[in-house]
Amino acid sequence: MAKRLSTGRNEVGMLSDIREIAERVGEEVLGFPVEWFVEGEQAKSAKRPDVIIRRADGNPEVIASGEAKRPETPAGLHPYVMSEVDGAVGKAKALGGAYAFTTNFLGVALFDVAKYDSTDYLGAMLGDPIDLIDEKETAVTGWWGTLTKERREALVRPGLEVLFAQLRKWMPDRAPIWTE
């Protein structure tokens, strides 16, 4: 694999950049308002996840939380880096969340916190791997910053739709079914 070029932005900034899209898609798919709460909006801590997805309708339920790494870093090689999955699951568990996800912004993997076993950590993965941004979009240094808001939405929306659809599928109370 060729060396990946720098995104030109940190993970928290990238997660913040897709917040509006994620909240809109989450509501469309789950059928209730969601909040995409990014670490930079709270006191920074190694014990807190990069992003928390929770209901935004007065119910304090944490739907999922996630850890993000830039794809050009060793921890962002793919969304299955064991240390990142372990950290994401531990942070979700500490919040009382049932689901954790990891992302390198090219892909996303969703995990069941209750089924997690560090000796078979991929056994807790739910659904198929989720494509977020095609690697061909990353061909220039600072590629994230070159994406217009509209282009970024066009690229991440399909992957966010799959992420929220997988969450809906696995949520115990099954949110309303989303249709195209």
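## Two packed helices in a predicted model

Helix α2 (residues 19–30) and helix α5 (residues 149–170) pack with their axes 9 Å apart, at an angle of about 40°. That angle makes α2 oblique to α5, because an angle under 35 degrees would count as roughly parallel and one from 65 to 115 as roughly perpendicular. The model is predicted.

**The α2–α5 contact**
- The crossing of the two helices, α2 and α5, is right-handed.
- By class, nine nonpolar, one polar and nine charged residues make up the contact of α2 with α5.
- On the α2 side, the residues in contact are E20, I21, A22, R24, V25, G26, E28, V29 and L30.
- On the α5 side, they are K149, R152, E153, V156, R157, L160, E161, F164, A165 and R168.

**The whole protein**
- The protein has five helices and six strands.
- Read from the N terminus, its elements follow the order α-α-β-β-β-α-β-β-β-α-α.
- Its radius of gyration is 15 Å, close to the 16 Å that the globule rule gives for 180 residues, so the protein is as compact as a globular protein of that length.
- The C-alpha trace spans about 45 × 40 × 35 Å along the principal axes.

**Confidence**
- The protein has a mean pLDDT of 90.
- A pLDDT of 70 or more is reached by 91% of its residues.
- Residues 175–180 have a pLDDT below 50.
- In the model, this stretch has twelve contacts beyond near neighbours in sequence.

How values were computed: Residues numbered from 1 in each chain as written. Predicted model: local features only at pLDDT ≥ 70, side-chain atom pairs only at ≥ 80, totals over all residues. Heavy atoms only, no water. pLDDT = per-residue confidence, 0-100. Contact = heavy atoms within 4.5 Å. Axes fitted to C-alpha atoms, helices over the stretch in contact; angles between N-to-C directions. Helix = DSSP H or I, 4+ residues; strand = E, 2+ residues; numbered from the N terminus. Parallel < 35°, antiparallel > 145°, perpendicular 65-115°, else oblique. Left-handed = near helix turned anticlockwise from the far one by under 90°. Nonpolar A, V, L, I, M, F, W, Y, C, P; charged D, E, K, R; others polar. Rg over C-alpha atoms; globule rule 2.2 N^0.38 Å.
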